[in-house]
Amino acid sequence: MNALGIIFANIYDSSLGELTNKRTMASLPYGGRYRQIDFSLSNMSNAGIRHIGIMSLYKYQSLMNHIGSGQEWDLELEEGGLEFLTPYSTSRNGSFRGKLEALSSVIVFLEEAQEDFVVLADSGVLCNIDLEKVLEAHIASGKDVTVVTKDGIADGKKPLSLAIRLDKKGEVADIAVDYTAGAGYLASTGIFVLRRDLLIHYVQENVARNLYRFERDFILQYFNQKEITVGVYQFEGLALFNESTLEYYRNNLALTNPEIQAGLFSAGRTIYTKVRNQVPVYYGENSDINECIISDGSVLEGTAEHSVFFRHVSLKEGATVKNSIIMNDCVIGEGAYVENAILDKEVVVRAGSRLVGAPENPVMVKKGEVV
């Protein structure tokens, strides 16, 4: 595939609170055994994109540990293959003011690439998409930029980083950024396709004028000025937006629904992740497990319902877990009760403890805490 891939690892970090305190959005665990970047990496790898840059300004150690050499995604960690890009920031607080600033600081990476097209992807939207078809549609459309969109997300409540309304002919009629759009709008999935030389040109032009935001300062501004043409690729498959703690919580538990599992993992394209060889799950004689996602290495002797268990979790006898996300190496002590909760890695819930959140406000326990 004649395209370069770029994945933004830190997008929406601030909206996930404690979940991204020591990790990037891209390395956030999901669904028992995956990281969120697995979806973007797998989509690109399945489409034959072999030159990929991962943009991560900070907190990227866990991300690098997860990806390793890139072998699981049929990628090679080397120049011209899979590359970690750790660009500098020019802002005083050390964080990016936008994607254009990030791209500007690694402009040499873009200039030295040989591919004609660039596929940009965020880490907050999980989907299983055929990027070959997206590129083919982009080329056929003749548009300068193609935005991959999803219907049914805009509801007048959720703020969208980029919202697009089409006219009766299917052409872009309106673009809005950071907008709580109504049902007549399509939501951007954070996937964009455009020519590499066009991207380089507008990165340089915008940053030279102190403009840093990709959606607002590039897409919106130049579309309104009729300097660029924008088209959409309407993705018909399942797309899960994990752009807040509540969305992350709900979309993890949604995997207990077989239809959601099928929409995310059974589209004829594999979602790859780091392989970890561990012993199978052990179910105790008195365990009672219903509607749960269970990962290998766990020892379950208590009761669990509608929950997601990551690897090597210990659920002691008499303990109960409901509607919760339990990450790697957590221990739920005897007789403990956990409901509507997110337990980060290595949390210990003492025997007899009671930890209860609300469906709209799950309780969050930080990595390594004892409660």
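A residue is called buried here when its relative accessible area is under 20%, exposed when that area is over 50%, and partly exposed in between. By that cut-off N340, at 5% relative accessibility, counts as buried. The model described in this report is a predicted one.

N340 sits in the loop between β24 (337-339) and β25, and N340 has a positive phi of about 55° although it is not a glycine. A positive phi is also found at D329, about 65°, and D329 is likewise not a glycine. D329 belongs to the loop between β22 and β23 (331-332), and because its relative accessibility is 35%, D329 counts as partly exposed. K226, which comes just after α7, takes a positive phi of about 60°.

**Helix α7**

Helix α7 covers residues 214-224, and eight of its eleven residues are buried, so the helix is largely enclosed by the rest of the structure.

**Helix α8 and its surroundings**

In helix α8, which spans residues 245-253, the buried residues are E247, Y248, Y249, N251, N252 and L253. These buried residues pack against strands from several parts of the chain, namely β2 (29-30), β13 (239-241), β19 (308-309), β22 (325-326) and β25 (341-343). N252, which is found in helix α8, has a relative accessibility of 0% and therefore counts as buried. When residues up to four places away in sequence are left out, N252 touches Y30, G31, V308, F310 and I325.

**Salt bridges**

A search of the whole structure finds 14 salt bridges. Some of them are set out in the table, with the separation between nitrogen and oxygen for each pair.

| Pair | N to O separation |
|---|---|
| K158 and E243 | 2.9 Å |
| K158 and E247 | 2.8 Å |
| R195 and D197 | 3.4 Å |

The side chain of K158 meets that of E243 in a salt bridge, and this pair links distant parts of the chain, since K158 lies in the loop between β8 (145-150) and β9 (160-166) whereas E243 lies in the loop between β13 and α8, 85 residues apart. K158 has a relative accessible area of 13% and is therefore buried, and E243, at 12% relative accessibility, also counts as buried.

The side chain of K158 also meets that of E247 in a salt bridge, and here the link runs from the loop between β8 and β9 to helix α8, with K158 and E247 lying 89 residues apart. Both K158 and E247 are buried.

The salt bridge between R195 and D197, whose closest N and O atoms are 3.4 Å apart, has another setting. R195 counts as partly exposed because its relative accessibility is 36%, and D197 counts as partly exposed because its relative accessibility is 47%.

**A negative patch at the surface**

E76, E78, E79, E111 and E112 form a negative surface patch. One of these residues, E79, is found in the loop between α2 (61-67) and β5 (82-85). The relative accessible area of E79 is 68%, so E79 is exposed.

**T24**

T24 is placed in the loop between β1 (3-8) and β2, and with a relative accessible area of 0% T24 is buried. T24 and I37 are 13 residues apart along the chain, and their C-alpha atoms are separated by 9.7 Å. Strand β2, which ends the loop holding T24, is also one of the strands against which the buried residues of α8 pack.

Technical notes:
Residues are numbered from 1 along each chain as its sequence is written. This is a predicted model: local features need pLDDT of at least 70, side-chain atom pairs count only at pLDDT 80 or more; totals for chains, interfaces and linings use all residues. Side-chain values use heavy atoms; hydrogens and water are left out. Buried means under 20% relative accessible area, exposed over 50%, partly exposed in between (1.4 Å probe, protein chains only). Helices (H or I, at least four residues) and strands (E, at least two) are DSSP runs, numbered from the N terminus. Contact means heavy atoms within 4.5 Å. Patches are made of residues with over 30% relative accessible area and no salt bridge: like charges are joined within 9 Å, nonpolar side chains (Val, Leu, Ile, Met, Phe, Trp, Tyr) within 5 Å. Accessible areas come from the Shrake-Rupley method with a 1.4 Å probe; for residues, only the protein chains shown count as cover. A salt bridge is a side-chain nitrogen of Lys or Arg within 4 Å of a carboxyl oxygen of Asp or Glu. Lys and Arg count as positive and Asp and Glu as negative; His and the chain ends are not counted. The place of a charge is taken as NZ of Lys, CZ of Arg, CG of Asp or CD of Glu.
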